[in-house]
Amino acid sequence: ADYVIVGAGSAGCVLARRLAEGGASVILLEAGGMDSLPEIQEPRAWPGLQGSAVDWQYKTLPQTQTLGRVHAWARGKVLGGSGSINAMAHHRGHPSVYDAWQRDFGVRGWSFRELLPYFKRLETFALGASAYHGADGPIYVDVPRGELLHPVARQFVEAGAAAG
């Protein structure tokens, strides 16, 4: 093989696909099994996957911001990786975090502005292409809306808007 990729989570799968589309031969290794558990197929069942056989069951170091508590750090041990055990939640990260990598640590080429084209290329956004979202990538990204938006989520968004 031209490449061996360890981890068949979202990133590993997309990377393997891109390399294969370019004509490379790729071996994609995953420590976990197939994503065939019924709980994986039903996004609302994700809490039952935390701490299960498809979770690496990592723990954080004691966190000073939470009075020294140690927290579960769910990471998927299954085809699809963590996306398979976290209700398929997609989170790109705040632009200021990427910009801080470059500003504070000298990591060149990783500012949000420089990464944005890759983020856009990665996704097919349900609401269509925009300045911040792509329309023809391998990962489908939807936004719960209408009757699919949970009442607690709606109240959370309304509270944030009311707080400015």
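**A cavity and its surroundings**

The largest cavity in this predicted model is lined by Glu39, Ile40, Pro43, Trp46, Leu49, Gly83, Ser84, Ala87 and Met88. Here a cavity is a set of points, on a 1 Å grid over the protein atoms alone, where a 1.4 Å probe fits but cannot get out, and lining residues have an atom within 4 Å of a point. Its volume comes to about 30 Å³, with volume taken as the space filled by probe spheres set on the points. The structure holds one cavity of 30 Å³ or more.

A few words on the ground rules: residues are numbered from 1 along each chain as its sequence is written. Since this is a predicted model, local features need pLDDT of at least 70 and side-chain atom pairs count only at pLDDT 80 or more, while totals for chains, interfaces and linings use all residues; side-chain values use heavy atoms, with hydrogens and water left out.

Now for the chain as a whole. Five helices and six strands make up its secondary structure, where helices are DSSP runs of H or I with at least four residues and strands are runs of E with at least two. Going along the sequence, the order reads β-α-β-α-β-β-α-α-β-β-α.

Of the 164 residues in the protein chain, 22% are buried (under 20% relative accessible area, with a 1.4 Å probe and protein chains only). As for contacts (heavy atoms within 4.5 Å), 30% of those between residues at least 6 apart in sequence join residues at least 24 apart.

Technical notes: Buried < 20%, exposed > 50% of the residue type's maximum accessible area, 1.4 Å probe, protein only. 1 Å grid on protein atoms, 1.4 Å probe; cavity = no way out; pocket = protein on both sides within 12 Å on 5 of 7 lines; lining within 4 Å.
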